[in-house]
Every structure is written in structure tokens, then in C-alpha cells.
Amino acid sequence: MYRTTIKKDAVNEKLRIIDGRDRVHVFLDEEKQAIQYQTEIGETIPLTLEKEDHQIDLLFENMGRVNYGHKLLADTQRKGIRTGVMSDLHFITEWTQYCLPLETTEHIDFSKKWVAGQPAFYRFEAELSEIGDTYLDLSEFGKGIVWVNGTNIGRFWEVGPILSLFVPEGLLRKGQNEIVIFETEGRFSEVIDFVKEPIEKS
């Protein structure tokens with residue numbers, strides 16, 4: 001995530017990301033303004049600036065890299081802000097960059113305040129008397145990543161075609177199991193289910 005502070009030049013400003021990778025959530029004073037992906041990045045994002053100083057946050061998602069061929073070391077494989085970000089005709093500078101390590105969920109503080117419509121981590125507990133290969137129903141969530149008992153089982157996205165993730169028996173245990181979901185679109189369910197078959201988007 002990138003963060004900076006801008007000063008108001010006018011009430012109505014136009015923000016543009018000049019080449020970024022791969023998908024970005026744009027926030028003004030912690031309020032979501034836009035989501036852009038691939039061909040949308042570079043389009044104008046209108047901002048309304050009411051006060052003198054405003055915080056801008058850009059949450060970029062790396063959607064993957066080419067791992068073979070001539071593009072392996074290509075400049076296009078760099079992620080995040082690439083050329084720059086402009087407010088009207090001026091480049092915005094003095095960004096602070098924050099990395100979000102996703103190798104483990106042990107460092108996450110689930111006691112922090114929850115904000116509706118914002119990216120968030122969710123923690124579920126499931127008490128199982130029997131275990132076996134199964135699927136995790138993610139049809140009520142938007143987009144994100146899932147860990148089961150500390151193991152990353154993959155990404156999901158509401159665009160489909162699959163709205164579930166496979167959970168092998170070896171990751172589960174009789175008794176208490178922990179499921180952690182990092183969800184970026186502000187869509188979530190208070191209940192999560194294991195199901196017998198994969199769920200396809202209709």
C-alpha cells in the first residue's frame with residue numbers, strides 16, 4: 001500500500017495513476033473512491049476535497065507474474081506504482097510504502113476496529129467431529145485469500161467461474177480449526193460453510 005498527503009488546490013480534483021500494476025483500490029481519507037484493473041488504470045478518478053489536507057491511500061494487488069520466456073525479466077513485471085500518480089497536471093510525491101506480508105497470519109491483530117466496505121481480515125473457527133476432503137464456500141465474499149490452519153489454500157474472486165476453494169483432508173483436524181480470510185472488496189458473511197462439491201458461478 002502507498003500513502004501520501006495532498007493539499008487542496010481546488011474542491012474538484014482529478015486523480016490519475018500513470019501506469020500501475022496490477023489492480024488498485026483508491027482511498028481518500030480512508031473512503032474508497034475507485035477500483036481499477038488493467039485497462040482501467042490511467043482513467044480519471046474525480047475527487048472532492050473539502051478540507052486543506054487529505055490522505056490518499058493506494059492498495060495495489062499483485063495478480064501474478066510471468067515465470068517463463070522473454071517477459072520473465074521485463075519491466076512490465078514490476079508491480080505497484082510504476083510511472084507515477086497525478087493530481088490534475090502535477091505528479092504527487094512523497095509516498096510512504098507499506099508491505100503486507102502474507103506468508104503467515106500470526107501477526108494479524110483481530111482486535112482492531114472493523115470498518116464497513118473496507119478491506120479486512122476475518123477469522124472463523126470450525127469445530128469438526130469428522131474430517132475429509134471438502135470445499136470452502138466463498139460465494140458471499142468478494143475477492144481475497146484464504147488460510148486454513150495457517151496454510152494458504154489460494155485466492156478467490158466473485159467474478160468466478162469457481163466460488164469455492166478446495167480444502168484437502170490433510171489440512172484439517174478433528175476439533176477446532178481456524179480459517180482466516182483477507183477480503184478486499186468489502187463483501188463478507190458472518191457464517192462460512194464447508195460443502196461437498198465445488199460451487200460454480202451461475
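This report describes a predicted model, from its overall make-up down to single residues.

## Basis of the model

Residues are numbered from 1 along each chain as its sequence is written.

## Overall make-up

The protein has zero helices and 16 strands. Helices (H or I, at least four residues) and strands (E, at least two) are DSSP runs, numbered from the N terminus. Along the principal axes, the C-alpha atoms fill a box of roughly 60 × 45 × 35 Å. Of contacts (heavy atoms within 4.5 Å) between residues at least 6 apart in sequence, 75% join residues at least 24 apart.

Of the 202 residues, 39% count as buried. Buried means under 20% relative accessible area, exposed means over 50%, and partly exposed is in between, with a 1.4 Å probe and protein chains only. The protein exposes about 12200 Å², with carbon and sulfur atoms supplying 49% of that area. Accessible areas come from the Shrake-Rupley method with a 1.4 Å probe, and for residues only the protein chains shown count as cover. There are 24 positive and 35 negative charges, and their mean positions are 4 Å apart. Lys and Arg count as positive and Asp and Glu as negative, without His and the chain ends; each charge is placed at NZ of Lys, CZ of Arg, CG of Asp or CD of Glu.

## Annotated domains

UniProt, in an unreviewed entry, lists residues 1-100 as "domain: Beta-galactosidase 1-like first all-beta". In the model this span is 0% helix and 54% strand, and its end C-alpha atoms are 8 Å apart. The unreviewed entry in UniProt also lists residues 119-177, under "domain: Beta-galactosidase galactose-binding". Residues 119-177 are 0% helix and 56% strand, with end C-alpha atoms 23 Å apart. UniProt positions are given in the numbering used here, feature names are shortened, and annotations may be inferred rather than shown by experiment.

## Buried residues in strands

Thr4 is placed in strand E1 (residues 2-7) and is buried, at 4% relative accessibility. A polar atom of the Thr4 side chain lies 3.1 Å from the backbone oxygen of Glu94. Beyond four places in sequence, Thr4 touches residues including His54, Ile56, Ile92 and Trp95. Thr4 and Ser87 are 83 residues apart in sequence, and their C-alpha atoms are 12 Å apart.

Arg23 is in strand E3 (residues 23-28). Its relative accessible area is 6%, so Arg23 counts as buried. The Arg23 side chain makes a polar contact with the side chain of Glu185 at 3.0 Å. A polar contact is a pair of N or O atoms within 3.5 Å; within protein, one must be able to donate a hydrogen and the other to accept it, and residues adjacent in sequence count only if both atoms are side-chain atoms. Not counting residues up to four places away in sequence, Arg23 also touches other residues, among them Tyr37, Phe60, Lys143 and Trp157.

Ile45 belongs to strand E5 (residues 45-48) and is buried at 2% relative accessibility. Leaving aside neighbours within four places in sequence, its contacts include Leu15, Val26 and Ala34.

## Backbone geometry in loops

Most residues other than glycine have a negative phi, and most peptide bonds are trans. A cis peptide bond joins Arg21 and Asp22, with omega about -10°; Asp22 is in the loop between strand E2 (12-21) and E3. The bond from Gly160 to Pro161 is also cis, with omega near 10°. Pro161 lies in the loop between strand E13 (151-157) and strand E14 (164-167).

Asp88 has a positive phi, near 55°. Its place is the loop between strand E7 (80-87) and strand E8 (90-91), and Asp88 is partly exposed at 34% relative accessible area. Asn149 has a positive phi near 50° and lies in the loop between strand E12 (143-148) and E13. At 17% relative accessibility, Asn149 is buried.

Note on methods: This is a predicted model: local features need pLDDT of at least 70, side-chain atom pairs count only at pLDDT 80 or more; totals for chains, interfaces and linings use all residues. Side-chain values use heavy atoms; hydrogens and water are left out.
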